[in-house]
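Let's take a walk through this structure together. Have the viewer open and keep the sequence handy as we go.

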Amino acid sequence: MRRRVWWIASVGLAAGIAVGCKHAPPPRVFYPPPVAEKPPRVEVPSAPLSPLEPDLNKLPLIDPATADVTGSTRLPALGLTEATCAKLAFEHAPLASAVERENSVPVVADPDRPPPEDSLSRELRPLVVAELRNKAAGDAVAAFYQLADLEGRSAVVRETIEEIDVLRKAVEEAIKRGAKPPIDMEEIARQRATWIGLLGQAELGAKLLDADLKRRIGASGKTSDRLMPTGEFGLPKETLDVEAAVLVALEKRPELQALRTAYLKLTPETLPEVREFLQAVPSTGGLLGSGAMGGMMGSAGPKLPFMRRIAERRLAEQLAPVQSAADHEVAVRKAQLFTLIDERERAVADEVRAQALVLAEQSRQVGLVRWRVEKQKAKVAELRKEEKGAAAVVPAELELNRERAELIQAVMQWHQARAKLTAAQGLYAK
């Protein structure tokens with residue numbers, strides 16, 4: 001504390017001499033208003049209790065036998081590929097664009113400092129922007145495959161409801177002929193109601209994801225169409241080399257490149273820019289770069305070369321402690337950056353390895369569900385070949401559709417994990 005007070009006094013004296021003033025104005029102290037130690041106690045008023053089961057007469061009623069599931073009110077589909085989705089999201093990335101606009105802010109050149117266009121900030125900023133754009137693209141591609149999952153399962157559910165309607169007609173005809181079918185109309189209506197409910201949930205999720213994805217890629221939310229993922233959704237046969245993927249991430253990830261650049265180019269002259277960078281790094285929570293020197297000599301305050309120019313030779317002795325403090329802070333910031341780089345490299349490597357584990361397990365899940373689908377397909381084909389009628393075939397088809405929906409879900413979850421792996425490696429920022 002004594003050292004800090006002495007330093008402030010010496011700098012104030014130096015500035016006073018430089019401008020020809022005998023006395024510096026006293027500092028203004030702001031005392032904030034006191035804050036209550038405890039919030040006031042609240043008494044919750046008691047309301048009369050009511051049954052939690054709602055009154056049926058006050059709820060909407062829909063007959064599943066007549067509910068419309070044709071999707072005639074759906075907006076026309078607009079095909080969207082993964083590559084286009086990633087490209088548009090990378091280019092849009094509002095936060096990255098906002099950071100990038102910092103380069104358009106005019107900077108007053110200081111003769112004793114490197115030209116503004118060669119400053120460290122302008123070297124670090126593109127890497128920060130690339131990291132933000134990389135994350136935006138990865139999140140958009142993950143949303144792309146979530147939408148593909150819901151749209152794919154919605155299509156299967158529609159087919160299922162159509163098959164239930166075929167079964168209903170077959171049962172109605174059997175009843176007219178005086179036969180007693182193995183399934184009654186009420187059970188068919190219950191089945192239809194269940195699948196209509198599933199369809200409604202899937203379509204709601206698809207609508208929400210459509211709006212979310214349009215926002216991520218910069219498309220208008222008021223367009224008269226809906227995004228429809230399209231492309232090749234198969235899984236590659238080759239296995240992932242996990243450690244090679246980790247090495248790619250450590251080399252390509254823009255966040256790590258920025259931290260290494262700040263570490264290698266940290267000097268007393270670049271100290272204010274490194275402070276700003278450390279405060280902006282998300283993984284630090286803004287806790288680094290705001291120490292004692294940072295608060296007194298931050299980027300908004302005077303830089304050391306400027307102070308040396310004002311003081312010139314007469315203030316060399318007064319400024320020596322400032323230079324010494326700056327040199328000491330450089331050492332501290334170097335240590336902080338080294339620790340941060342080590343921590344982030346470990347976190348990035350762990351993230352890549354985690355997504356590799358997810359990919360491997362999800363690929364296994366896809367293989368198991370595919371086996372079930374193929375077995376159920378063979379069963380349905382055999383029933384059709386035996387011509388046992390809709391009452392025997394449709395239940396098997398319903399089970400097949402359940403397996404098909406699970407297969408779509410498993411495949412799209414694999415692709416979501418792949419998108420997260422690509423983002424973890426920083427490969428969207430090519």
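**A tour of helices, charges and rings**

Arg190 counts as partly exposed, with a relative accessibility of 43%. Its salt-bridge partner is Glu187, and the closest N and O atoms of the two are 2.8 Å apart. Glu187 is partly exposed too, at 26% relative accessibility. Both residues sit in helix α5 (residues 185-217), three residues apart, which is about one turn of the helix. Keep in mind throughout that this is a predicted model.

Now zoom out for a moment. The protein chain has twelve helices and two strands, and in sequence order they run α-β-α-α-α-α-β-α-α-α-α-α-α-α. Of its 430 residues, 37% count as buried. The chain exposes about 26900 Å², and carbon and sulfur atoms supply 59% of that area. If you take the contacts with a separation of 6 or more, residues 24 or more positions apart account for 82% of them.

Back to the charges. Side chains of opposite charge can pair when their charged atoms come close. How many salt bridges does a search of the whole structure find? The search comes up with 32. One of them joins Glu131 and Arg253, with the closest N and O atoms 3.0 Å apart. Glu131 lies in helix α4 and Arg253 in the loop between α6 and α7 (254-264), so this pair ties together parts that are 122 residues apart in sequence.

Are Glu131 and Arg253 buried or exposed? Both are buried. For Glu131 the relative accessibility is 14%, and because buried means under 20%, Glu131 falls on that side of the cut-off. Leaving out residues up to four places away in sequence, Glu131 touches Arg253, Pro254 and Glu255.

Another salt bridge to look at is the one where the side chains of Glu361 and Arg364 meet, at 3.3 Å from N to O. These two are three residues apart in helix α11 (residues 316-386), so about one helical turn separates them. Glu361 is partly exposed, with a relative accessible area of 34%. Elsewhere, salt bridges that share partners join Glu131, Arg253, Glu255, Arg344 and Glu351 into one network.

Asn134 is buried, with a relative accessible area of 1%. A polar atom of the Asn134 side chain lies 2.8 Å from the backbone oxygen of Ala423. Which residues does Asn134 touch, not counting those up to four places away in sequence? They are Phe90, Arg253, Thr422, Ala423, Gly426, Leu427, Tyr428 and Ala429.

Next come the rings. A pair of aromatic rings is described by the distance of the centres and the angle of the planes. With centres counted as a pair within 6.5 Å, the count comes to three aromatic pairs. In one of them, the rings of Phe144 and Tyr145 have their centres 4.9 Å apart and their planes at 85°, so the pair is edge-to-face. Phe144 and Tyr145 are both buried, and for Tyr145 the relative accessibility is 2%.

Tyr145 also pairs with Phe233: the ring centres are 6.1 Å apart and the planes are at 85°, so this pair is edge-to-face. The pair links distant parts of the chain, with Tyr145 in helix α4 (residues 120-176) and Phe233 in the loop between β2 (226-229) and α6 (242-252), 88 residues apart. Phe233 is partly exposed, at a relative accessible area of 23%. Put together, the ring pairs link Phe144, Tyr145 and Phe233 into a cluster. For a charge over a ring, look at Lys334, which lies over the face of Tyr263 at 4.5 Å from the ring centre.

Two last stops. Ala93 has a positive phi of about 25° although it is not a glycine. Ala93 is found in the loop between α2 (82-92) and α3 (94-100), and counts as buried at 4% relative accessibility. Finally, Gln413 is found in helix α12 (residues 390-425) and is partly exposed, at 34% relative accessibility. Gln413 and Ala148 are 265 residues apart in sequence, and their C-alpha atoms are 10.0 Å apart in space.

Note on methods. Residues are numbered from 1 along each chain as its sequence is written. This is a predicted model: local features need pLDDT of at least 70, side-chain atom pairs count only at pLDDT 80 or more; totals for chains, interfaces and linings use all residues. Side-chain values use heavy atoms; hydrogens and water are left out. Helices (H or I, at least four residues) and strands (E, at least two) are DSSP runs, numbered from the N terminus. Buried means under 20% relative accessible area, exposed over 50%, partly exposed in between (1.4 Å probe, protein chains only). Rings of Phe, Tyr and Trp (its six-membered ring) pair if their centres lie within 6.5 Å; planes under 30 degrees apart count as stacked, over 60 as edge-to-face and the rest as tilted. A charge sits over a ring if NZ of Lys or CZ of Arg is within 6 Å of the ring centre and within 35 degrees of the ring normal. A polar contact is a pair of N or O atoms within 3.5 Å; within protein, one must be able to donate a hydrogen and the other to accept it, and residues adjacent in sequence count only if both atoms are side-chain atoms. Contact means heavy atoms within 4.5 Å. Accessible areas come from the Shrake-Rupley method with a 1.4 Å probe; for residues, only the protein chains shown count as cover. A salt bridge is a side-chain nitrogen of Lys or Arg within 4 Å of a carboxyl oxygen of Asp or Glu.
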